[in-house]
Amino acid sequence: MDPEITIIEAAWPEEADRLLAVRHRVFVKEQRVPEEIEVDEHDETAFHLLAVNGQNEPLGTARWMSDGDGVRVGRVAVLKAWRRHGIGSLLMKEVIRSASEAGHRRLHLHAQTSSIPFYEALGFQLTNSPEFEEAGIPHREMEFLL
Ligand SMILES: CC(C)(COP(=O)(O)OP(=O)(O)OC[C@H]1O[C@@H](n2cnc3c(N)ncnc32)[C@H](O)[C@@H]1OP(=O)(O)O)[C@@H](O)C(=O)NCCC(=O)NCCS
């Protein structure tokens, strides 16, 4: 792990450009998620996290917001060239810590099926909900109980 990588709280809209630079490359360019649904109404109010390197360049993102079911986590992304270096895990640990600090007891998310091992390694578990498609990508619901 690069010792200079840090996770920062990224306020919207001040940090929107850096958050969207990562999300656009990962979700729109790499995964072909339609650009018009990548940014949504939740961005204004969500709690955003940004992973940056020693040069303060953005490498990864995550966001969470409370909903009727605890905390909904999403937009978890790390630039392709930086994957498998622990950055996604650092982001998710900060998601869990910040949601817990805000008093929440349950986190849930829609995991792309290819990302299930990543979330399981962090302590998330699959719920009983069946697989479904979102933006043409198969997903399962997962949860983390604090
Ligand atoms: C999912 C994602 C955020 C993981 O980020 P990352 O920085 O590569 O994750 P980490 O390096 O912290 O991985 C931690 C552990 O998760 C597991 N893991 C991560 N990616 C995995 C993969 N593609 N397949 C299987 N296990 C994986 C491994 O156990 C890994 O530990 P290891 O590298 O020591 O084996 C990243 O792959 C990504 O941005 N993917 C594209 C966007 C996406 O699919 N986001 C999830 C939407 S639900």
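A residue counts as near a molecule if one of its heavy atoms lies within 4 Å of it. Keep that in mind as you open this predicted model, where local features need pLDDT of at least 70, side-chain atom pairs count only at pLDDT 80 or more, and totals for chains, interfaces and linings use all residues. Residues are numbered from 1 along each chain as its sequence is written, and side-chain values use heavy atoms, with hydrogens and water left out.

**Stop one: the ligand**

Select the ligand and the 19 residues around it; Val76, Val78, Arg84, Gly88 and Ser89 come nearest. This shell divides into nine nonpolar, eight polar and two charged residues (Ala, Val, Leu, Ile, Met, Phe, Trp, Tyr, Cys and Pro count as nonpolar, Asp, Glu, Lys and Arg as charged, and the others, Gly among them, as polar).

Next, show polar contacts, meaning pairs of N or O atoms within 3.5 Å. At arginine 84, look at the backbone: an N or O atom there lies 2.8 Å from a ligand oxygen. At arginine 83, pick the side chain instead, where a polar atom is 3.4 Å from an oxygen of the ligand. Then move to glutamine 112, whose side chain has an N or O atom 3.1 Å from a ligand oxygen. How much of the ligand's 910 Å² of accessible area does the protein cover? The protein covers 73% of it (Shrake-Rupley method, 1.4 Å probe).

Colour β4 (70-78), α3 (87-101), β5 (106-112) and α4 (116-121): these are the elements that give two or more residues to the shell. Helices (H or I, at least four residues) and strands (E, at least two) are DSSP runs, numbered from the N terminus.

**Stop two: a salt bridge**

Now select aspartate 43 and arginine 63, whose side chains meet in a salt bridge at 2.8 Å, N to O (a Lys or Arg side-chain nitrogen within 4 Å of a carboxyl oxygen of Asp or Glu). The pair links distant parts of the chain, 20 residues apart: aspartate 43 is in the loop between α2 (35-38) and β2 (47-52), and arginine 63 is in strand β3 (residues 58-67). The structure holds 12 salt bridges.

**Stop three: two backbone details**

Go to proline 13, in the loop between β1 (6-9) and α1 (16-30). The peptide bond from tryptophan 12 to proline 13 is cis, with omega near 10 degrees. Finish at arginine 32, in the loop between α1 and α2; its phi is positive, about 60 degrees, although arginine 32 is not a glycine.

How values were computed: Polar contact = N/O pair within 3.5 Å; in protein donor to acceptor, adjacent residues only side chain to side chain.
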